[in-house]
Amino acid sequence: MGNESVEQPEAFGERLLGLLLDRAQQMPPQLIAPLIAEEVARIGGRDVSILLQDYSQELLVPLPGRKLHVSQPQPVTDSPAGRAFLRAEIVEVLQAPDGVRMYLPLLDGSDQVGVMALTLDAVSDDDRRLLRRLGSLVADILVTKNAYTDQFFLARRREPMSVSAEIQWSLLPPLTMSLPQVTVAGNLEPAYRAAGDSFDYALNDNVLHMAVIDAMGHGLDAAVMATVAIGAYRHARRVFISLAEKYTFMDDAISQQFGPDHFVTAQLMHLNIATGEMELVNAGHPAPLLIREGRVVQQLESATTLPVGFGGELPRVREHTLQKGDRLLCYTDGIIEEHVAGGEPFGEERLIACVNRLGEGPSEGMRADLRRLAHTLKRERSGRTSDDATLFMVEWRGGAADHLAVLD
């Protein structure tokens with residue numbers, strides 16, 4: 001970096017980040033990337049690339065823009081950019097005699113937005129601290145400006161997207177959330193033709209609220225029904241307390257809007273992240289899988305509840321207690337009902353075998369593990385995804401007392 005950053009690294013870093021933030025507030029979206037490249041040049045950085053994850057979660061694609069170094073898309077698997085993205089840590093690649101190529105994870109909270117790559121002549125610990133903060137600020141700016149433009153969406157899109165998929169992606173919360181007590185990750189396929197599947201979550205105090213749904217049918221009709229179901233769920237979540245009331249509210253919304261011949265299967269869950277205690281209502285969905293130390297130990301069956309929209313009775317809530325490190329895998333029927341060679345359904349046994357096989361290797365974190373599972377399942381089905389196929393996983397990492405050292 002330049003002499004100013006070496007002489008007064010903290011003060012220089014504060015000025016740099018403050019200047020970027022001040023200028024970005026009034027900047028139109030199309031000028032954000034050139035602004036970032038300009039500010040990086042102040043610390044001696046060059047060849048700046050901003051890489052965003054594509055919708056199928058296979059590639060990190062470069063954002064075009066003036067002053068940016070627009071490289072080729074980078075695979076999420078087996079590339080320096082992909083390692084930075086999946087591990088949420090800076091990756092450095094020596095490019096002698098041209099300096100060091102730095103790959104910075106762009107983290108908006110715990111949600112990975114993408115990766116910023118830049119080249120420096122040399123890197124010190126002060127530089128690394130500044131770059132970590134710069135990556136967080138750039139991620140925040142990109143997320144904020146994303147609400148005002150289609151530019152970032154178009155960069156991430158690698159093939160035409162259906163109207164139903166447009167609706168579904170607009171419904172989804174961030175695909176990941178990671179806190180000391182709990183981690184959440186979701187995956188939606190087919191990315192460009194999804195229709196009736198969706199998931200949602202919110203952390204309110206110590207209670208993590210979660211829902212996974214599958215609206216009947218295909219195309220736009222299913223997407224509209226999923227929109228009503230998620231809207232009703234969010235409204236109920238913000239008004240009611242119990243899972244049973246959430247189910248009833250969603251049931252009324254679907255039946256009144258679409259009539260008796262339409263339904264949505266659903267799983268509704270409450271997880272107390274301080275204790276690991278979980279409540280579950282399963283309305284016509286495949287039973288979630290409980291994964292412990294990398295292996296499926298049981299399916300979390302619950303009392304039979306009619307799918308949402310059929311006017312079922314108030315559901316009975318099943319209670320479970322998770323152990324530290326337990327993962328819960330929820331999935332829609334598109335995962336197990338896809339036909340494989342010979343015409344038979346993929347089935348739960350093959351799904352469990354895939355989970356156990358991946359659990360034999362080292363974990364790269366739940367988000368990376370879920371992505372590997374999703375791509376493994378797709379390969380096992382010979383790349384076919386004729387129906388929506390959604391995975392949603394939560395890992396309970398222990399209560400607040402287990403993470404006091406993190407806060408000290």
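1. Contact here means heavy atoms within 4.5 Å. The structure is a predicted model.

2. A236 is found in helix α8. Is A236 buried or exposed? Its relative accessible area is 0%, and buried means under 20%, so A236 is buried. A236 and T248 are 12 residues apart along the chain, and their C-alpha atoms are separated by 9.2 Å.

3. L220 also has its place in helix α8, which covers residues 219–237. L220 has 45% relative accessibility and therefore counts as partly exposed, since that class lies between the limits of 20% and 50%.

4. Helix α11 runs over residues 347–359 and has 13 residues. From its first C-alpha to its last, helix α11 reaches 19 Å, which is close to the 18 Å expected at 1.5 Å a residue.

5. The buried residues in α11 are G347, L351, C354, V355, N356 and L358. In an α-helix, residues three or four places apart point the same way, because there are 3.6 residues a turn. Among the buried residues of α11 are L351, C354 and L358.

6. What do the buried residues of α11 pack against? Their partners include the strands β13 (289–292), β14 (295–299) and β16 (327–331). The helices α10 (333–337) and α12 (366–380) are also packed against by these buried residues.

Definitions and conventions. Residues numbered from 1 in each chain as written. Predicted model: local features only at pLDDT ≥ 70, side-chain atom pairs only at ≥ 80, totals over all residues. Heavy atoms only, no water. Helix = DSSP H or I, 4+ residues; strand = E, 2+ residues; numbered from the N terminus. Buried < 20%, exposed > 50% of the residue type's maximum accessible area, 1.4 Å probe, protein only. Expected span 1.5 Å × (residues − 1).
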